[in-house]
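Thanks, everyone. I'll keep this short. Have a look at the model first, then we'll talk pockets and surface.

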Amino acid sequence: MGRVNVWLKRSYVITSSLIAIISTLLLGLAVFSHGALHKDEELEKLLAGLHGMYAVSLIPLLLSIIGLYGVCKQKKWALIVFAVGFIVGILFLIFCGIVALVELPEMAEDVTTQLQSYVPLSDANDRISDHINALQTQYQCCGLGQGYLDWGKHIPNSCLCTEESTSPCSCLPHLIAQHAVAMNYTLGVMLGLTLLLLLSVVLCILILCRLNQKEKTPTVVYSPEAKSGNYIVLSDAADTT
């Protein structure tokens, strides 16, 4: 078993530790979101996303721990599990990114359909109504597509249009723009995570290659000067002392 370069080992430890920290933060965010939404009426619709957050945070965290154990104890099986697991993760992130890019042009239509399902807004849950209320105050707009009519019987005070309001005083373009920005940030984060995972896999493979190399042992060369008489002389000298 060969020796691993100390800088290679440190680079791998730093990268894996960074992945573990990010995974821990994502796990905390998932737990916090689950707790904040446990009373939401649409919790069942959000469970799939929450379960995805748990998986995305727990699996890299466990693989990072296994990888750190493997590099510290020089266990090849642990490093192989780390590399294979993260290669699968990289392929999954690439697939999700491609799907998101393909569906990006249809996002506006999907967001519009989803938001229209909340009309009348006065009957929507508090999370939706509060968000649209805050959006109306910020952008001086009202409703989704039909202005104050989208609120039904109870029209909030924030549903006021000024001369500077965008025609036809609809909040729908601002909501679509927010979703587009959130999607772009999400794709950027996915790209960063993919590159970080790729770096960790490359370092892991390099460490495995070093471990698979056989360490060269020095060749024993017989010297004719090493005569048995010399050892006899040394033993005689030891007896005289």
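Start with the second largest pocket. It holds about 800 Å³ of space. Keep in mind that this is a predicted model.

Who lines that pocket? The lining has 27 residues. Nearest the centre of the pocket lie Leu 26, Val 56, Phe 92, Leu 93 and Leu 193.

Now the elements. Which one gives the most? Helix 3 does, with eight residues.

By class, 22 of the lining residues are nonpolar and five are polar.

Is Ile 94 buried, exposed or partly exposed? Its relative accessibility is 41%, so Ile 94 counts as partly exposed. The cut-offs here are under 20% for buried and over 50% for exposed.

Together with Ile 87, Leu 91, Ile 98 and Val 102, Ile 94 forms a nonpolar surface patch. The accessible area of these residues together is about 460 Å².

Last, the whole chain. How many helices and strands are there? Seven helices, zero strands. Along the sequence, the pattern reads α-α-α-α-α-α-α. The protein has 241 residues, and 31% of them count as buried.

Conventions: Residues are numbered from 1 along each chain as its sequence is written. This is a predicted model: local features need pLDDT of at least 70, side-chain atom pairs count only at pLDDT 80 or more; totals for chains, interfaces and linings use all residues. Side-chain values use heavy atoms; hydrogens and water are left out. Patches are made of residues with over 30% relative accessible area and no salt bridge: like charges are joined within 9 Å, nonpolar side chains (Val, Leu, Ile, Met, Phe, Trp, Tyr) within 5 Å. Accessible areas come from the Shrake-Rupley method with a 1.4 Å probe; for residues, only the protein chains shown count as cover. A salt bridge is a side-chain nitrogen of Lys or Arg within 4 Å of a carboxyl oxygen of Asp or Glu. Buried means under 20% relative accessible area, exposed over 50%, partly exposed in between (1.4 Å probe, protein chains only). On a 1 Å grid over the protein atoms alone, a cavity is a set of points where a 1.4 Å probe fits but cannot get out, and a pocket is an open set with protein on both sides within 12 Å along at least five of seven lines; lining residues have an atom within 4 Å of a point. Grid points are joined across faces, edges and corners, and a volume is the space filled by probe spheres set on the points. Helices (H or I, at least four residues) and strands (E, at least two) are DSSP runs, numbered from the N terminus. Ala, Val, Leu, Ile, Met, Phe, Trp, Tyr, Cys and Pro count as nonpolar, Asp, Glu, Lys and Arg as charged, and the others, Gly among them, as polar.
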